[in-house]
Amino acid sequence: MSGSNGAAARGPRVAFIGKGGSGKSTISGTVARLFGRAGWPVLALDVDTLPGMAYSLGAPPDAAPRLPLGLAAVVQGKRGRHWKVSKGAGPAHLVDTYSLATPDGVHLLELGKLPGNVRPEVTIVFRRVVDGFKRPGWAVVADLAAGTRQPVFGWSSFAPVRIAVLEPNAKGLITLRNIRNETTHVLVNKVRSDADVDRVRSDTDLPIIASVPYDLELSAAERQGLAPIDAAPDSAAVEAIRSLASWLEEAAV
Ligand SMILES: Nc1ncnc2c1ncn2[C@@H]1O[C@H](COP(=O)(O)OP(=O)(O)OP(=O)(O)O)[C@@H](O)[C@H]1O
Ligand SMILES: [Mg+2]
């Protein structure tokens, strides 16, 4: 908990965005675990409707900590119909009631799974947690759905640091251009050589905050169904994510 001064300290808040398969869940879950080990209680928000963070947190993948129906309804107001969230359904209460405690003091909340299981009322209340959870001394890490839609609609705005995770190829660079305005920093993942990072650097004016090597130990961890930080704590990839997490503790507040 470097740079903090006890319970009143503001914890780091970070959102991971980017193309499908680039490594958002792997990296966000590992950062959340590392924040936990550094002493922060952590809220891990899996905003993807194909949840992926449970695996990288080492949480049971079928636990599915989700918000229930019935916490918001459409009401008729003076200016027309609008959503109203139930009294008492404040962000901190929702986190305490519906999140799942996972290893290292990380509390996981998932938006839910498509198709069919994410009803608009759940999305409204989940967004309230994303924007409104500001408990002092807590870190917040969000793993957004792939692509541009969620960042463009403000799902990452709660975080002072919004990291685009990309692979160093043409598709990754195109995605970065499309989410450039929602991004504060770039993480180049699955790096095989310095030239990979140079390619990204020559294509963007955003700061490259981390470069994570392509690491077969992560694939092996995934095949075993284990979190990278549990199965491969000394791997080069986890080491690079460790440096990122330390930087975020100072920079993402
Ligand atoms: N540095 C790395 N080296 C090797 N494999 C990696 C690395 N980072 C991630 N992977 C692998 O890449 C795949 C995609 O990773 P991950 O699920 O984290 O991506 P994602 O961006 O969350 O994908 P989605 O958009 O589908 O949710 C996984 O099989 C993961 O193990
Ligand atoms: Mg994912």
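A salt bridge is a side-chain nitrogen of Lys or Arg within 4 Å of a carboxyl oxygen of Asp or Glu. In this predicted model, the side chains of D196 and R199 meet in such a bridge, with an N to O distance of 3.5 Å. D196 is buried, at a relative accessible area of 9%, whereas R199 is partly exposed at 39%.

The structure holds 13 salt bridges. Side chains of opposite charge can pair when their charged atoms come close. Two further pairs link distant parts of the chain, as described below.

D104 and R37 form a salt bridge through their side chains. D104 lies in the loop between β5 (100–102) and β6 (106–110), while R37 lies in helix α1 (residues 24–37), 67 residues apart. D104 is partly exposed, with a relative accessible area of 28%, and R37 is also partly exposed, at 47%. A network of salt bridges links R33, R37, D104 and D230.

R66 forms a salt bridge with E110. R66 is placed in the loop between α2 (53–57) and β3 (72–77), and E110 in strand β6, 44 residues apart. E110 has a relative accessible area of 2% and is therefore buried, the cut-off being under 20%. R66, at 24%, counts as partly exposed.

| Salt bridge | N to O distance |
|---|---|
| D104 and R37 | 2.8 Å |
| R66 and E110 | 2.8 Å |
| D196 and R199 | 3.5 Å |

Definitions and conventions. Residues numbered from 1 in each chain as written. Chains lettered and ligands numbered in written order. Predicted model: local features only at pLDDT ≥ 70, side-chain atom pairs only at ≥ 80, totals over all residues. Heavy atoms only, no water. Helix = DSSP H or I, 4+ residues; strand = E, 2+ residues; numbered from the N terminus. Buried < 20%, exposed > 50% of the residue type's maximum accessible area, 1.4 Å probe, protein only.
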